[in-house]
Amino acid sequence: MLRARILLLLSRRGGTTTTTTTTRFGRTPPRLSLLRVISTEERATLERDVNALFADARDEIESALESKGTTYFDEDAKLAKEATKECLDKYEELLRRCGDSENSKIRRSMGLKIEQLKAEAKLIDE
């Protein structure tokens, strides 16, 4: 509802940003950067992608940890780091594409998994 009202107001102004003006009370309203609008389907797709990449990254990390001390370790570690980076990049894309209110929901639902993935990836270097 709020998003629809914002879009309506912005469309009447002819742009996606507001200008900084002083109100009669002397306060300056906050500037809106480019309005980030993402559909529910796009968000769901990005969340599924992050979850799939998370599972792949964890599998690669597990493989790398199991191969520690063998000749396969370097290649497995490289694959695990690449998979982890891909997952983190997709997560950051999801956060960038969603608005601030959506970001807090996403961080609550996925933030611990992402932190877990970062911690597991650090185990490879130890």
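The expected span of a helix is 1.5 Å times one less than its number of residues. In this predicted model, helix α3 (residues 73–97) has 25 residues and should therefore span 36 Å. The C-alpha atoms at the ends of α3 are 36 Å apart, in agreement with that expectation. With 27 residues, α2 should span 39 Å, and its end C-alpha atoms do lie 39 Å apart.

The protein contains four helices and zero strands, and its elements follow the order α-α-α-α from the N terminus. Of the 126 residues, 28% are buried. Among contacts between residues at least 6 apart in sequence, 60% join residues at least 24 apart.

The buried residues can be assigned to individual helices. In α2 they are Arg43, Leu46, Val50, Leu53, Phe54, Ala57, Ile61 and Ala64, and their cover includes α3 and α4. In α3 the buried residues are Phe73, Asp76, Ala77, Ala80, Ala83, Thr84, Cys87, Leu88, Tyr91, Leu94 and Leu95; what covers them includes α2 and α4.

Two packed helices are described by the angle between their axes and the distance between the axes. The crossing of α2 past α4 is left-handed. On the α2 side, the contact is made by Arg43, Glu47, Val50, Asn51, Phe54, Ala57, Arg58, Ile61, Ala64 and Leu65. On the α4 side, the contact is made by Glu102, Lys105, Ile106, Met110, Lys113, Ile114, Gln116, Leu117, Glu120, Ala121, Leu123 and Ile124. By class, the residues of this contact of α2 with α4 comprise 13 nonpolar, two polar and seven charged.

Leaving aside neighbours within four places in sequence, glutamate 47 is in contact with Leu94, Ile106 and Met110. Glutamate 47 and methionine 110 are 63 residues apart in sequence, while their C-alpha atoms are 8.9 Å apart.

The axes of α3 and α4 come within 11 Å and cross at roughly 165°. Angles over 145 degrees count as roughly antiparallel, and α3 and α4 are therefore roughly antiparallel to each other. The crossing of α3 past α4 is left-handed. From α3, the residues involved are Phe73, Ala77, Ala80, Lys81, Thr84, Cys87, Leu88, Tyr91, Leu94 and Leu95. They meet Asn103, Ile106, Arg107, Met110, Gly111, Ile114, Leu117, Lys118, Ala121, Ile124 and Asp125 in α4. The contact of α3 with α4 divides into 14 nonpolar, three polar and four charged residues.

Threonine 84 belongs to helix α3. A residue is buried when its relative accessible area is under 20%; threonine 84, at 5% relative accessibility, therefore counts as buried. Not counting residues up to four places away in sequence, threonine 84 touches Ala57, Ile61, Leu117 and Ala121. Of these, Ala57 and Ile61 also take part in the contact of α2 with α4, as do Leu117 and Ala121. The C-alpha atoms of threonine 84 and alanine 121 are separated by 7.1 Å, although the two residues stand 37 residues apart along the chain.

Methods. Residues are numbered from 1 along each chain as its sequence is written. This is a predicted model: local features need pLDDT of at least 70, side-chain atom pairs count only at pLDDT 80 or more; totals for chains, interfaces and linings use all residues. Side-chain values use heavy atoms; hydrogens and water are left out. A crossing is left-handed if the near helix is turned anticlockwise from the far one by less than a right angle, and right-handed if clockwise. Helices (H or I, at least four residues) and strands (E, at least two) are DSSP runs, numbered from the N terminus. Contact means heavy atoms within 4.5 Å. Ala, Val, Leu, Ile, Met, Phe, Trp, Tyr, Cys and Pro count as nonpolar, Asp, Glu, Lys and Arg as charged, and the others, Gly among them, as polar. Buried means under 20% relative accessible area, exposed over 50%, partly exposed in between (1.4 Å probe, protein chains only). Axes are lines fitted to C-alpha atoms, for helices over the stretch in contact, and angles run from 0 to 180 degrees between N-to-C directions. Angles under 35 degrees count as roughly parallel, over 145 as roughly antiparallel, 65 to 115 as roughly perpendicular and the rest as oblique.
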